[in-house]
Amino acid sequence: MKLSHSKLSTILSCPMSYYLSYIEGISPIQEKAALYVGSAVHWGIEHNSEDLTEYFKSEQSQYSRDQLLAEAMCHGYLKHKDELFKQILSTPDGASLNLMNESHEVYITGKLNSFKNVEVVHDFVGIIDLLLLTDKGFIIIDYKTSSYDPDWTTYLEQIYRYIFLIKSEFPDIPIIKIGIHTNILNIA
């Protein structure tokens, strides 16, 4: 069985929802607008572009409010990326970390033992929004594009699962920072 953060969260919170969604394939017909916009923003950040015409080309035939919102979010992020990275790439005492690699949308797999049967091992997968490798270790950043009040418990569970995956794949490289970036749209 292959588990992701969302699958694991669903099975732990409501096994019936897991069964209906992931086993029977019964799920809401329309994707949530926040998820749709969030996917577009992730694409823009990954491609270092606020012009999302290519992303939306296959999704719609005309310019929409969702595209405008996603492009505004990408613009806000890219406009402040240097100052954001300066903050991320510093230690508590103000020293700078040397960035060795910047990777977006990192698909990573780890092994997760079954709770009931230790001989059963599941693939546990995740997609880390931003993984920075510095001279001191990894920095894990997750973007949240929703305009709703953050659910910090859920976000932290996701980050902890990413830590598990990174430690499984790269046991000798420390994780020196984690972060959840919620303020992608910063218009002042």
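How many helices and strands does the secondary structure of the chain come to? In this predicted model, the tally is seven helices and five strands. Followed along the sequence, they come in the pattern β-α-α-α-α-α-α-β-β-β-α-β. Of the 188 residues in the chain, 38% are buried. As for contacts between residues at least 6 apart in sequence, 61% join residues at least 24 apart.

Now for the aromatic rings, which give four pairs. In one of them, the ring centres of Tyr77 and Tyr143 are 5.4 Å apart and the planes meet at 75°, so this pair is edge-to-face. Tyr77 belongs to helix α5 and Tyr143 to strand β4, so the pair ties together parts 66 residues apart in sequence. Tyr77 is buried at 2% relative accessibility, and Tyr143 is buried too, at 3%.

Phe138 and Phe170 make a tilted pair, with 5.3 Å from centre to centre and 55° between the planes. Here strand β4 supplies Phe138, while Phe170 sits in the loop between α7 and β5, so parts 32 residues apart in sequence are tied together. Phe138 is buried at 5% relative accessibility, whereas Phe170 is partly exposed at 31%. Elsewhere, ring pairs join Trp43, Tyr55 and Phe56 into a cluster.

A charge meets a ring as well: the charged end of Lys81 sits over the ring of Phe85, 5.1 Å from its centre. Then there is Ser90, in the loop between α6 and β2. With 17% relative accessibility, Ser90 counts as buried, because the cut-off is under 20%. Beyond its neighbours within four places in sequence, Ser90 is in contact with Ala95, Ser96, Leu97 and Lys177.

Conventions. Residues numbered from 1 in each chain as written. Predicted model: local features only at pLDDT ≥ 70, side-chain atom pairs only at ≥ 80, totals over all residues. Heavy atoms only, no water. Helix = DSSP H or I, 4+ residues; strand = E, 2+ residues; numbered from the N terminus. Buried < 20%, exposed > 50% of the residue type's maximum accessible area, 1.4 Å probe, protein only. Contact = heavy atoms within 4.5 Å. Phe/Tyr/Trp six-rings, centres within 6.5 Å; stacked < 30°, edge-to-face > 60°. Lys NZ or Arg CZ within 6 Å of the ring centre and 35° of its normal.
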